[in-house]
Amino acid sequence: MRKQIVLLIFIMTISIASFSQSRGVKIGYIDMEYILQNVPDYMEAKSQLEQKAQKWKQEIEAKKNEVTKLKESLKTEKVLLTKELIEEREEEIVFQETELFDYQQKRFGPNGDLILQKAVLSQPIQDQVFTAAQDIAEAKKYDFIFDKSSDLTMLFAAKRFDISDQVVRVITRATKRNQLSKKQLKLEEEKEAKENLEDENPAVADRKKILDDKKAAREQLIAEKRAAAEENKKAVEENRKQLLAEKEAKKKGTVVPEKNEIDSTANEVPGTNNSALKATAPADNSSAITAKQKLAEIKARDLEERKKALEEKKKKILADREAAKKEKEANKQPENIKN
């Protein structure tokens, strides 16, 4: 019985070791400085602290000016003062300089208010970052997560291993959760699942971006077609009204001026050579692009966009194949970080 237990433990150990070798080591890193800059609560508190620091600097500068005035006053009046008064003034200057130095140390020294308040400000955010990093590591099976901004020297770090944006999203969502309704919370969770999928597979994110670009271009094309159709409809309606007006005028025995004649008459300026203006100004019918021409242009542009999209798709497929081939070749090489 004892031999069977030992044999079972041995088999389990070998299985775990072989699984670890086949899976490899999953490593990620965060940039604490980047995360802190993207957390709104931290940036707001940091701005308030900077305002305090600026006020302290102004107070120090005022004290320096006072000491400078005392020194200049002593230098000017020294010949008129007795020895006792000179010593008294000098003692006052030394006292003021000592006070100034102590105040500088209190505010900006190694253990000063600025350093202490920065630590108090960043500590809660750092705790949230560590918690978020641990949650991400457990959920996505990371073996190691490093801090790029710490004393650890990282000679190179590929961007695809950076989980800083994921940590920022986790912290931001945790802050918003209490303010969301159940429906909003569900939508936020669906959005989070999509973002996690994109983080795990960058190709999905690239494909999504291409689809979004195509959708935007398609929507713009539809909007342009609608605008051209509306313009065409408006022109047809105006022509119909003009024809009806002409028929009505013929019945009454009057003459209705053409639209171009009305426009040219309205554009005449008293006191100027209107015939010269008419000669230099191009006719409306020759210069304006008709609705049909616009529709033709849109169709041609649509065809060009489709050709361009097909070319991009071909290039993308070739690039993916090349990347897969390189990755396959890289996987054949021994990995130094395994086990």
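Lys316 is partly exposed, as its relative accessible area is 23%, where partly exposed lies between buried (under 20%) and exposed (over 50%), taken with a 1.4 Å probe and protein chains only. The model is predicted, so that local features need pLDDT of at least 70 and side-chain atom pairs count only at pLDDT 80 or more, while totals for chains, interfaces and linings use all residues. Residues are numbered from 1 along each chain as its sequence is written, and side-chain values use heavy atoms, with hydrogens and water left out. The protein has twelve helices and two strands; these are DSSP runs numbered from the N terminus, helices being H or I of at least four residues and strands E of at least two.

**Overall make-up**

- Starting at the N terminus, the order of elements is α-β-α-α-α-α-β-α-α-α-α-α-α-α.
- Of the 339 residues in the protein, 17% are buried.

**Salt bridges**

- Seven salt bridges are counted, each being a side-chain nitrogen of Lys or Arg within 4 Å of a carboxyl oxygen of Asp or Glu.
- Lys316 pairs with Asp320 in one of them, with 2.9 Å between the closest N and O atoms.
- Both Lys316 and Asp320 belong to helix H12 (residues 291–332), where they are four residues apart, about one turn of the helix.
- Asp320 counts as partly exposed because its relative accessibility is 38%.
- Arg107 and Asp113 form another salt bridge, and their closest N and O atoms are 2.6 Å apart.
- Asp113 counts as buried at 19% relative accessibility, and Arg107 counts as buried at 16%.
- Lys159 and Asp162 also meet through their side chains in a salt bridge, at 3.2 Å from N to O.
- Lys159 is exposed, with a relative accessible area of 59%, whereas Asp162 is buried, with 18%.

**Charged surface patches**

- A patch is made of residues with over 30% relative accessible area and no salt bridge; like charges are joined within 9 Å, and nonpolar side chains (Val, Leu, Ile, Met, Phe, Trp, Tyr) within 5 Å.
- Accessible areas come from the Shrake-Rupley method with a 1.4 Å probe, and for residues only the protein chains shown count as cover.
- Lys and Arg count as positive and Asp and Glu as negative, with His and the chain ends not counted; the place of a charge is NZ of Lys, CZ of Arg, CG of Asp or CD of Glu.
- The negative patch on the surface gathers Glu84, Glu87, Glu88, Glu90, Glu91, Glu92, Glu99 and Asp102.
- Glu88, one of its members, is found in helix H4 (residues 83–108) and counts as exposed, at 53% relative accessibility.
- Lys214, Lys215, Arg218 and Lys313 make up a patch of positive charge on the surface.
- Helix H8 (residues 202–252) gives the most to this positive patch, with three residues, and Arg218 lies in that helix.

**Nonpolar core**

- The largest nonpolar core holds 24 residues, and those with the most contacts inside it are Ile30, Ile35, Val129 and Val167.
- Two or more residues of this core come from each of helix H2 (32–37), helix H3 (40–77), H4, helix H5 (113–140) and helix H6 (164–176).
- H5 gives the most to this core, with seven residues.
- Such a core is a set of buried Ala, Val, Leu, Ile, Met, Phe, Trp, Tyr and Cys residues joined through side-chain atoms within 4.5 Å.

**Backbone**

- Lys141 has a positive phi of about 60° and is not a glycine.
- Most residues other than glycine have a negative phi.
- Lys141 sits in the loop between H5 and strand E2 (144–147), and counts as exposed at 56% relative accessibility.
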